[in-house]
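Here are my notes for you to read with the model open. They look at pockets and at salt bridges.

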Amino acid sequence: MTKTEFERISAVRGVTQIGFLVNDIFCTMDHWCEEHGVGPWKLYRHTRDRLQNVVCQEGICEEDFAFYTASAMLGDLQLEVMQPISGIPFYSSWLAEKGPGLHHFKETVPDEVFADVLDYYGSQGMGILFGGEFFGSKFYFIDSVPELGVLIEIGNGKSPQGAPV
């Protein structure tokens, strides 16, 4: 995909989520509900056996990993909070170095251009760090911090269907 082609699909791309890393996902959800009126929250526990097509650069995750995510809508914007449980330095190292707070913005793109968008970012030196598919919901974090100062997650905008909590 050329830069011109990438610019042309901007009409079907959009930032749909802001993600935060936290130390205690349950306290965070309660705080957002009680102090800011944000909820209800959908909570999921992610493990390697619950993800398909996992991409994980060396040092990002161990063979067995687990983490929580929870999401709630604030108008048209999804708020996501994440808490590492085990074996996921991608999240735990970030928390240790930067503390809880902003982690990423999610860019949603349609399935028909999903691979092209990932390839384009890769051609710009922003390859996939970590990601996979979770019951139909695709998510891939690209190595955008050196270039943009923040992580970008590329997703297909689909909610997990039939995912266990």
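1. Let's start with a term: a salt bridge here is a side-chain nitrogen of Lys or Arg within 4 Å of a carboxyl oxygen of Asp or Glu. Asp 111 has one with Lys 158, and their closest N and O atoms are 2.6 Å apart. Asp 111 sits in helix 4 (residues 111-123) and Lys 158 in the segment after strand 9, so the bridge ties together parts that are 47 residues apart in sequence. Salt bridges with shared partners also bring in Lys 138, giving one network of Asp 111, Lys 138 and Lys 158. Helices (H or I, at least four residues) and strands (E, at least two) are DSSP runs, numbered from the N terminus.

2. Before going on, keep in mind that this is a predicted model: local features need pLDDT of at least 70, side-chain atom pairs count only at pLDDT 80 or more, and totals for chains, interfaces and linings use all residues. Residues are numbered from 1 along each chain as its sequence is written, and side-chain values use heavy atoms, with hydrogens and water left out.

3. The whole structure has five salt bridges. One of them pairs Lys 106 with Glu 153 at 3.8 Å, N to O. Lys 106 is in strand 6 and Glu 153 in strand 9 (residues 151-155), 47 residues apart. Are these two buried or exposed? Lys 106 is buried at 9% relative accessibility, and so is Glu 153 at 2% (buried means under 20% relative accessible area, exposed over 50%, partly exposed in between, with a 1.4 Å probe and protein chains only).

4. Now look at Glu 63 and Arg 48, whose closest N and O atoms are 3.5 Å apart in a salt bridge. Glu 63 is exposed, at 57%, while Arg 48 is partly exposed, at 24%.

5. Next, the pockets. A pocket is an open set of points on a 1 Å grid over the protein atoms alone, where a 1.4 Å probe fits, with protein on both sides within 12 Å along at least five of seven lines; lining residues have an atom within 4 Å of a point. The largest pocket is lined by 27 residues, and Lys 106 is among those nearest its centre, along with Gln 17, Ser 71, Gln 78 and Pro 160. Strand 4 gives the largest share of this lining, six residues.

6. The second largest pocket has Phe 90, Trp 94 and Leu 151 among its lining residues. Helix 3 (residues 89-98) gives the most to that lining, with six residues.
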